[in-house]
Amino acid sequence: RIMQVRICSMEDGRWGVTVFALISVGGMIAIGVLLRIGGWPLSSYPGLACTLIGMWLPAIGRLVATRTVDRGFQAPMPLRKWGSPKALVIIVPLATIVAIYLIAYGVAALIGVEQEPPRWVGLKRIAINVVITGVIHGTLTLFGALGEELGWRGYMLPRLDQLKVRGSLGIVAVVWTIYHIPLIVAGGYVSTGSFGISVLLFFLLVIGATVVWSTFTYAFKSLWVAVWFHAFHNTFSQALMPRIFGEGAPSILGESGVIPGTVYLIAAALCWLCVRRKRGSWSAFAQNAVGNE
């Protein structure tokens with residue numbers, strides 16, 4: 001009887017992850033079609049509304065999956081669990097994202113990457129605009145990040161790790177990338193002028209982000225860590241850093257440009273090494289985080 005229940009749970013989990021992925025990707029395809037028909041760029045008000053709706057598709061996918069085929073799922077990191085130490089749940093994601101993009105822009109300056117003039121000049125103006133833009137952009141991205149992370153690191157990744165599926169991080173990175181492709185095609189997201197290059201650069205960024213964000217999320221055993229990582233990433237990479245230091249070519253210094261992507265991959269490698277050194281393997285680290293130990 002125990003064996004039957006276990007097999008059923010594994011089958012339910014696999015079906016749940018499949019349903020989740022289909023809803024997340026399928027819903028984003030529908031949004032991409034809507035953006036194309038309406039001719040709305042992501043920077044327009046309809047484009048912003050579509051983006052926020054799209055960012056909540058993973059949460060919807062999780063809800064449908066856990067209310068239908070995967071009723072046995074128990075979230076190892078529920079939203080009511082903030083994490084400890086409490087301050088570090090926000091400070092670590094903030095410091096990590098700021099460091100990644102400061103290093104990226106610093107490297108760009110050292111090697112002479114061509115950039116537009118900064119939009120904000122002078123400490124006072126920078127401070128005022130950082131506060132205003134940070135609050136407005138940050139609030140919107142925090143709302144959207146909550147929707148996404150309820151799905152990616154709140155359901156898909158821990159569910160795969162509960163099922164002991166090999167390569168869980170890679171699976172999440174692939175599905176996360178596919179989920180964004182409709183925005184790349186229809187909304188001009190990661191606009192490098194080449195569809196193939198845009199998808200490749202975004203995929204490399206996602207690999208780095210998946211490892212870094214997931215490592216700290218599991219280390220703190222708090223989904224809020226992932227939410228803050230996602231929100232700070234969007235706010236600093238898309239709004240604050242380009243306006244403070246000047247925008248560069250999307251393929252070189254954009255959110256998923258070669259330089260930020262490389263820094264992310266280096267950070268991911270460091271996280272991976274730390275996990276291997278302390279726990280021996282990602283699998284052992286993950287099993288402890290999702291409650292299988």
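Start by selecting I97, Y101, M156, V212, W213, Y218 and Y264, which touch the most other members of the 81-residue largest nonpolar core. Such a core is a set of buried Ala, Val, Leu, Ile, Met, Phe, Trp, Tyr and Cys residues joined through side-chain atoms within 4.5 Å; buried means under 20% relative accessible area with a 1.4 Å probe, protein chains only. Next select helix α8, residues 223-245, which gives the most to this core, 12 residues. Helices are DSSP runs (H or I, at least four residues) numbered from the N terminus.

This is a predicted model, in which local features need pLDDT of at least 70, side-chain atom pairs count only at pLDDT 80 or more, and totals for chains, interfaces and linings use all residues. Residues are numbered from 1 along each chain as its sequence is written, and side-chain values use heavy atoms, without hydrogens and water.

Now centre on W213. Beyond its neighbours within four places in sequence, W213 is in contact (heavy atoms within 4.5 Å) with I97, E149, R153, W176, F229, H230, H233 and Y264.

Move to L42, H137, Y189, Q238 and E255, the closest to the centre of the largest pocket among its 49 lining residues. A pocket is an open set of points on a 1 Å grid over the protein atoms alone, where a 1.4 Å probe fits, with protein on both sides within 12 Å along at least five of seven lines; lining residues have an atom within 4 Å of a point. Colour α8 again: the largest share of this pocket's lining, 8 residues, comes from α8.

Finally, select T215, F216, C271, C274 and V275, which lie nearest the centre of the second largest pocket, lined by 17 residues. Helix α10 (258-279) supplies the largest share of that lining, 7 residues.

Note on methods: Buried < 20%, exposed > 50% of the residue type's maximum accessible area, 1.4 Å probe, protein only. Helix = DSSP H or I, 4+ residues; strand = E, 2+ residues; numbered from the N terminus.
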